[in-house]
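We will walk through it one selection at a time.

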Amino acid sequence: MKKHFWWMSVALWLPLQAAAQDGRFHSPVDIPFLMSGSFGEPRPNHFHCGIDVKTQGVVGKRVLSVCDGYVSRLTVGYDGFGNAVYVTHPNGLVSVYCHLNEFVPALKEVVRRCQSMLS
């Protein structure tokens with residue numbers, strides 16, 4: 001299992017490194033970038049599939065897209081990812097911003113409209 005995980009990590013890491021080299025990617029926060037969880041980190045029943053960024057212990061810090069793109073998906077939940085925004089970038093990569101306390105007003109309105117259609 002460890003050997004397969006290593007190859008999977010390299011296979012995922014190389015395209016991301018190449019994409020980051022073009023200089024268009026930046027931090028998703030406008031405070032010092034510190035991680036509280038890393039990609040591939042072993043968890044009790046799975047490997048962590050993202051990175052967790054510290055927000056100086058404050059709820060409601062601004063989260064930025066790491067590169068230009070468009071919002072391609074929104075999810076709302078009380079567990080797992082919680083509130084999440086998916087951004088599709090011109091190079092085909094998708095970045096996901098999870099565990100959000102709330103959405104910006106424009107996205108909040110989209111969620112509200114979609115939820116009211118389901119009621």
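**Stop one: the sheet**

Start by selecting residues 83–88, which make up strand β4, and look for its antiparallel neighbour β5, joined to β4 by five bridges. For a landmark, pick threonine 88: its bridge partner in β5 is valine 94. Keep in mind as you go that this is a predicted model.

Now widen the selection to the open sheet of three strands, which are ordered β3-β4-β5 and pair in antiparallel fashion. β3 (70–75) and β5 (94–100) are the edge strands with a single partner each, so one side of each has no neighbour in the sheet. Turn the view and follow the twist, which averages 20° from one strand to the next.

**Stop two: the salt bridges**

Select aspartate 30 and arginine 62, whose side chains meet in one of them, at 2.9 Å from N to O. Aspartate 30 sits in the loop between α1 (2–21) and β1 (35–37), and arginine 62 in the loop between β2 (52–53) and β3, so this pair ties together parts 32 residues apart in sequence. Show the surface, and aspartate 30 is partly exposed at 47% relative accessibility, while arginine 62 is exposed at 52%.

Next, select Glu41, Arg43 and Asp52, which are linked in a network of salt bridges. Between glutamate 41 and arginine 43, the closest N and O atoms are 3.0 Å apart. Glutamate 41 is partly exposed, at 25% relative accessible area, and arginine 43 is partly exposed at 28%.

Finish at lysine 108, which forms a salt bridge with glutamate 102, with 3.3 Å between the closest N and O atoms. Lysine 108 is partly exposed, with a relative accessible area of 39%.

Conventions: Residues are numbered from 1 along each chain as its sequence is written. This is a predicted model: local features need pLDDT of at least 70, side-chain atom pairs count only at pLDDT 80 or more; totals for chains, interfaces and linings use all residues. Side-chain values use heavy atoms; hydrogens and water are left out. Two strands pair if DSSP finds at least two bridges between them. Helices (H or I, at least four residues) and strands (E, at least two) are DSSP runs, numbered from the N terminus. Axes are lines fitted to C-alpha atoms, for helices over the stretch in contact, and angles run from 0 to 180 degrees between N-to-C directions. A salt bridge is a side-chain nitrogen of Lys or Arg within 4 Å of a carboxyl oxygen of Asp or Glu. Buried means under 20% relative accessible area, exposed over 50%, partly exposed in between (1.4 Å probe, protein chains only).
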